[in-house]
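Please read them with the coordinates open beside you.

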Amino acid sequence: MAAFDSIVIGAGISGLAAARLLTDAGRRTVVLEARDRIGGRVWTDRSDGRVTDRGASWIHGITDSPVAAAASAFGMRTVEFTVGGYQPDSRPIAHYSPDGRRLSTDEAAAYVADIRAVDAALVPLIAASAPDATYRDVTEAALAAQGWEAERAERVREYLAHRSEEQYGAAIGDLAAHGLDDDQIDGDEVVFPDGYDALATGLARGLDIRLAHVVSRVRWGADGVTVTTDRGAFTSRDVVVTVPVGVLQSASFAIEPPLPEPVAGALGWLRMNAFEKLFLRFPERFWDSDVYAVRQQGPQGRWWHSWYDLTALHGEPTLLTFAAGPAAVATRHEADAEVVASVMAQLRRLYGSDVPDPVAVQRTAWQDDPYARGSYAYMRPGSTTDDHDTLATPVGGVLHLAGEATWTDDPATVTAALCSGHRAAQNVLGTGVPIEQLWRARENLQHN
């Protein structure tokens with residue numbers, strides 16, 4: 001039985017951050033990773049000669065972002081793409097009406113103004129909402145307060161439903177009223193033409209990482225921790241568990257004794273979402289020029305309503321769309337060809353029957369990934385924003401949970417993962433460590 005000072009479960013960004021700081025502090029630390037790669041839900045696929053971020057792809061706001069600072073220190077190239085937060089404007093967007101006509105500049109401005117008016121009305125309504133209120137409840141109240149005729153209200157209602165789906169992969173009636181409280185973007189958003197996985201590579205250098213080690217049980221107590229894997233058992237003084245909420249809630253991952261309150265209660269209020277990406281690469285660009293995104297209103301956009309132009313990343317005409325929330329659930333078991341045909345029917349409705357078929361398609365399946373069980377966590381009705389941080393409450397002085405779901409300020413992001421790993425390491429060490437040490441240590445290694 002291998003013995004260490006600390007065990008970190010999961011080689012995603014959170015686990016790598018924790019392990020980096022623990023190792024640099026002199027603790028004998030091992031990272032146990034079920035996959036045959038590092039990065040977790042940061043996954044850059046290069047299997048077809050292209051660079052495709054199947055998991056995380058954006059930094060949602062680079063101002064004062066530790067991920068942006070780390071990316072800069074690791075020499076990661078970025079491309080500005082400020083539309084990943086489902087903004088209604090901010091950057092050029094081609095909006096299409098329910099009958100497939102592109103809105104004029106004035107029509108689009110009026111539509112965006114309506115969204116802004118409802119967003120303003122939502123602030124006090126969310127603050128005063130009942131504990132079990134849904135995002136649908138508060139948005140309906142905000143819409144009713146406008147006194148608009150039905151068609152005008154319906155356009156904004158659609159937008160709000162799609163925002164819930166694209167931001168959290170959950171139907172608007174399944175998301176807590178305050179589930180988008182953290183929906184704040186400071187500064188430009190950026191993506192990575194060379195792949196987001198360079199962040200994981202930068203954090204991982206020099207760490208003891210055991211790939212293809214599937215953890216099934218974590219037993220903790222006053223005398224330390226024993227972690228059982230399919231390749232043997234490991235012991236340590238303490239453990240940092242960074243597996244996703246979907247794994248924590250599954251029967252395949254046991255924590256013994258069970259998590260106590262308030263940690264168990266906080267975990268119970270979170271759910272893993274349904275959110276998949278679909279990349280469509282074309283022989284030519286047929287959509288609107290000089291736009292970041294294309295969006296359509298109306299019933300035809302129930303599933304496929306938004307496409308993001310990724311052409312600038314690699315020079316190949318590419319659209320990204322999302323199967324988000326109900327769409328991801330409904331199409332989960334459909335063949336790629338069936339899903340692509342459904343998407344193309346909508347693009348041809350907007351741009352004509354002569355729109356070519358894609359020359360390449362990539363589609364994610366995070367719902368079926370046994371080591372993720374979804375893309376990221378969301379807050380169900382009855383939860384509070386504090387549940388994220390409560391989930392990270394140290395247990396018995398030896399067990400620490402970390403990951404995107406355990407960070408209140410910006411959950412469901414790489415920033416949350418990085419910051420939560422930093423916090424877990426500090427809790428283990430019992431002392432503060434500047435988060436900048438995560439990338440400064442890497443820079444020092446490069447010069448040695």
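1. The strands named in these points are DSSP runs of E with at least two residues, and the helices are runs of H or I with at least four residues, both numbered from the N terminus. The model is a predicted one, and the geometry discussed below should be read with that in mind.

2. Two peptide bonds deserve a look, beginning with the one that joins Glu-256 and Pro-257, which is cis with an omega of about -10°. Pro-257 is placed in the loop that runs between strand 12 (254–256) and helix 8 (263–268).

3. A cis peptide bond also joins Glu-261 and Pro-262, where omega is about 5°. Pro-262, too, has its place in the loop between strand 12 and helix 8.

4. Turning to phi angles, Ser-90 is not a glycine, and yet its phi is positive, at about 65°. The residue belongs to the loop between strand 5 (79–80) and strand 6 (93–96). With a relative accessible area of 40%, Ser-90 is classed as partly exposed, because that class covers values between the 20% limit for buried and the 50% limit for exposed.

5. Asp-290 likewise is not a glycine and has a positive phi, here of about 60°. Asp-290 sits in the loop between strand 14 (275–281) and strand 15 (293–296). Is Asp-290 buried or exposed? Its relative accessibility is 66%, so Asp-290 counts as exposed, the cut-off for that class being over 50%.

Terms used
Residues numbered from 1 in each chain as written. Predicted model: local features only at pLDDT ≥ 70, side-chain atom pairs only at ≥ 80, totals over all residues. Heavy atoms only, no water. Buried < 20%, exposed > 50% of the residue type's maximum accessible area, 1.4 Å probe, protein only.
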